[in-house]
Amino acid sequence: MSEKLDKLEDYKDQMINCGHCAGCSVFNWWTLNKWIACCPSGKKFGFLSYYATGRVELGRALLEEEIEPQDIEALKRIVYACPVCGACTIQCKEFKEMDNVAVIEALRARIIELGFGALPEHEKIVENIANVNNPYGEPHEARFSWLPEDVQVDNQAEIAYFVGCTSAYREQELAKAAVKILNKAGIPFQILGSDEFCCGSPLLRTGFREPAIEIAKHNVEAIRNRGIKKVIFSCAGCYRTFREDYPKIVGDLGFEVEHITQFLDNLLKEGKLKLEKPLNVVVTYHDPCHMGRHIVLSKRKVGIFDEPRRLLKAIPGLTLNEMVRIRENAWCCGAGGGVKSAFKNFALDTALDRIEEAVTTGAEILVSACPFCRRNLMDAIKAKSENLVYKDVLELLEEAME
Amino acid sequence: MADEAMLKEFEAIVGPDRVSIEGPVLIAYERDQHWPFVAPMRPGIVVQPTSTEEVQQILRIANEKKIPVVPMSRGVNVRGLCVPEKEGSIMLDLRLMNHILEINTEMMTATIEPGVTHGQLQIAAREQGCRICIPGAPATGSLLANYMLRGVYHSIAGDGVDHVLSAEIVLANGELLKTGSASFPNSPPHWRYTSGPDFVGLFQSNPGTMGVCTKMTVKLYPIAEHEIWFMVGFDTIEEAISVIPPLMWAQIPTVCWVLPQFTVIKLIAKSTKELDRLRGTFPEFTVPITIEGPKEIVEAKARYAQDIINKTCTPKSGGKPIPPPSNFVKEFMYPRNILGFLRQGSYHALAYWGPLNKYPEYYAMMRDNGEAAGYPREQVDLLAAPVAGFHGQACYYEAEVPYSSAKPETVEMVKKFHFQTLKDLVKIGIYGWFRPFQHPMQIVLDQLGAYGELWKSIMKLVDPNGIMNPGKVFPIEKE
């Protein structure tokens with residue numbers, strides 16, 4: 001089954017032909033009319049090796065057996081110091097049609113296959129997922145401890161809400177908002193309960209494919225067994241993994257997947273989502289990579305950029321002030337790809353960059369739609385003591401519903 | 001040879017995060033896409049200075065130890081100019097020196113560091129009501145490096161080779177040289193000439209082989225009040241080039257190129273599929289022309305240009321102006337689609353200077369050479385960019401053929417084409433190679449006479465230990 005996951009060899013010709021044009025290092029200057037570096041890793045670490053071009057050269061060098069045993073630790077440090085946000089790929093795809101996200105993930109998988117191991121923090125995540133089905137090492141039985149007692153769950157519903165580990169254990173306000181909105185909108189839904197395991201995104205993003213494959217099979221089987229027709233996600237990472245990675249592992253899923261902002265946007269269009277309570281606030285919206293760029297890069301090519309914005313704009317009294325770096329050209333929050341766990345300062349610096357930009361819009365609230373972005377951006381707000389509040393789009397929607 | 005001791009010395013200069021001898025850090029610098037022509041060679045150490053003073057300190061150490069130094073501004077030259085020729089070389093990565101130090105709208109100048117890109121300065125300049133002379137190169141490239149190598153310019157056809165006013169250069173021994181008015185007491189850097197010789201010219205067209213340029217003051221130009229863009233299509237090369245000199249003599253165009261069909265397509269295509277789809281939809285040759293200035297003057301010039309075109313073209317050949325695609329205009333302001341030249345694999349460009357009137361001869365020769373190397377004739381392109389108003393003949397030429405450096409058979413094809421064409425160009429006669437790099441130079445070195453000898457002597461005088469990017473112009477002498 002895993003044969004459909006890209007292998008490093010699949011990209012050998014493209015890696016050899018990398019033109020070192022540096023197009024992957026700058027946001028689209030035609031679109032933005034500004035010259036802004038797009039690679040968090042290159043900006044932080046500086047050397048060419050930390051840009052997509054450099055990692056492509058490392059992939060080539062690994063295939064061509066240029067890596068000496070004494071170089072393995074440095075290789076891992078460079079290859080993993082990347083949130084795999086895809087900003088480079090959006091640019092490169094325009095010219096070389098090369099998918100650096102896929103190359104970097106395949107490179108990480110090759111590193112694991114060769115037995116070099118990942119970074120210690122990633123190894124710990126693998127161990128936690130193996131033991132308790134979540135990367136945080138929290139008890140599996142506590143996965144739904146956040147679920148408010150007054151929320152109605154319908155175990156026969158055709159729609160399931162996949163909570164995800166970060167919302168289940170760390171950012172529970174987001175999960176609570178999601179289920180309350182569904183209840184208020186009168187949408188019957190079920191949860192997987194003890195059958196919900198980590199989606200496997202932390203494993204796939206860091207190269208641990210074999211355990212990810214097992215998890216994917218488990219989750220898909222659990223969903224199929226319940227006769228679920230549609231799964232909705234409030235986590236951008238889970239959504240990306242189900243939508244883009246799972247079909248490569250298990251083939252046709254047999255059910256639909258939607259990010260909750262897509263689902264709610266459709267309800268809004270159908271008049272089923274009533275946002276009647278005014279919220280007189282100025283907000284700005286951060287595009288999570290996993291539901292924006294990563295989807296643009298897929299065959300479907302349409303990222304979830306408009307749906308959360310339409311939902312926000314539908315809230316009475318709310319003003320949306322946009323940042324410069326948005327949509328395909330959004331600056332990453334800095335948490336993804338295993339960076340938050342293994343490179344805490346790098347993750348924080350990247351988020352601080354985003355916070356600075358958010359503040360320039362005059363927004364009181366920074367909004368996004370991903371619990372992992374939420375965690376990192378909130379850490380940066382705290383570190384900078386900015387007079388800025390973070391909220392998920394779901395929290396605002398729930399507030400705006402009577 | 002760079003070693004642990006040098007690592008410590010450099011760490012003391014730039015800090016521990018800006019220097020490395022780790023293999024995986026160095027691998028990224030060991031080759032560029034031109035590797036079939038310039039063999040990969042991993043540097044021994046990479047160091048990223050952030051100031052002129054740090055560059056001076058690094059060069060003093062390198063000079064004392066006689067370690068080769070390879071300066072790299074942005075690394076986008078794609079011709080192996082920043083790939084070491086000697087083991088253990090120091091890679092002087094200047095990308096962190098990326099500040100625009102001044103935009104002076106009174107003097108119409110910008111002063112920049114080597115890591116500043118074309119796009120970065122162009123956007124900053126336009127925000128202040130002026131613009132740079134954009135090179136025909138990706139906006140991601142170093143403007144300083146391009147100007148030092150006398151890159152070709154998209155946007156000022158009448159003054160298409162030199163937009164440098166003065167430079168600050170760290171010599172191999174760490175001494176600081178300022179050129180032009182910057183060298184004169186209490187004088188700003190805004191004028192190329194001073195009491196003595198023109199030293200900027202002496203240092204140009206030397207790919208890091210005469211020192212490290214750490215600062216440059218360049219010309220800016222006003223944003224035109226009004227501009228007209230149009231393209232004129234031709235069936236024959238002879239007619240396409242016939243319109244150029246009279247237009248240049250009359251100082252009509254600010255942009256004026258001669259582009260074969262496929263080059264136009266490469267500049268506007270958004271995908272590889274579109275490359276194929278657009279074939280056959282443009283004339284054999286296209287001359288894009290831009291006229292800029294006050295509205296009345298632009299309109300008068302446009303009428304004059306049309307008269308010239310009408311007089312020199314047959315109705316069959318064309319000569320009817322058409323508006324260019326919008327991307328094409330953008331391309332001449334902030335080059336981006338030029339990165340799409342890499343769509344077909346690797347990008348091979350054989351670039352040189354020569355007279356316009358030899359275009360048909362060059363082109364025929366190249367298509368013959370391409371065919372002999374295994375290319376379909378239509379895959380061999382040659383573009384020309386007139387660069388001098390006074391006789392309208394001096395052109396930047398660029399021959400282009402596709403290849404994939406991942407496919408040995410196409411590498412052999414491109415090599416065969418390349419080396420034969422170099423020889424044939426010298427036979428036909430050209431003004432010189434653009435951006436000297438080793439193979440083109442090697443076939444003419446023994447024919448340069450006193451010019452070549454003096455050039456070598458000057459290099460020896462400036463860099464007696466031969467540490468500055470050795471082997472990129474003259475072959476490395478055996479020790």
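Just after helix H12 of chain A, Gly227(A) takes a positive phi of about 70°, helices (H or I, at least four residues) and strands (E, at least two) being DSSP runs numbered from the N terminus. The model is a predicted one, in which local features need pLDDT of at least 70 and side-chain atom pairs count only at pLDDT 80 or more, whereas totals for chains, interfaces and linings use all residues. Residues are numbered from 1 along each chain as its sequence is written, and chains are lettered from A and ligands numbered from 1 in the order in which they are written.

Helix H12(A) comprises 17 residues (209-225) and, at 1.5 Å a residue, should span 24 Å, which agrees with the 24 Å between its end C-alpha atoms; the expected span is 1.5 Å times one less than the number of residues. Its buried residues (20 or more other C-beta atoms within 10 Å of the residue's own, against 12 or fewer for exposed and values in between for partly exposed, with C-beta atoms placed from the backbone) include Ile213(A), Ala216(A), Val220(A) and Ile223(A). The buried residues of H12(A) fall within an arc of 165° seen down the axis, so they line one face of the helix, the arc being that of the directions from the helix axis to the C-beta atoms. The face turned away from this buried side carries the exposed residues Glu221(A) and Asn225(A). The buried residues of H12(A) pack against helices H7 (100-113), H11 (201-205) and H13 (236-250) and strands E1 (159-162) and E2 (230-233) of chain A, two residues being in contact if their C-beta atoms, placed from the backbone, lie within 7 Å.
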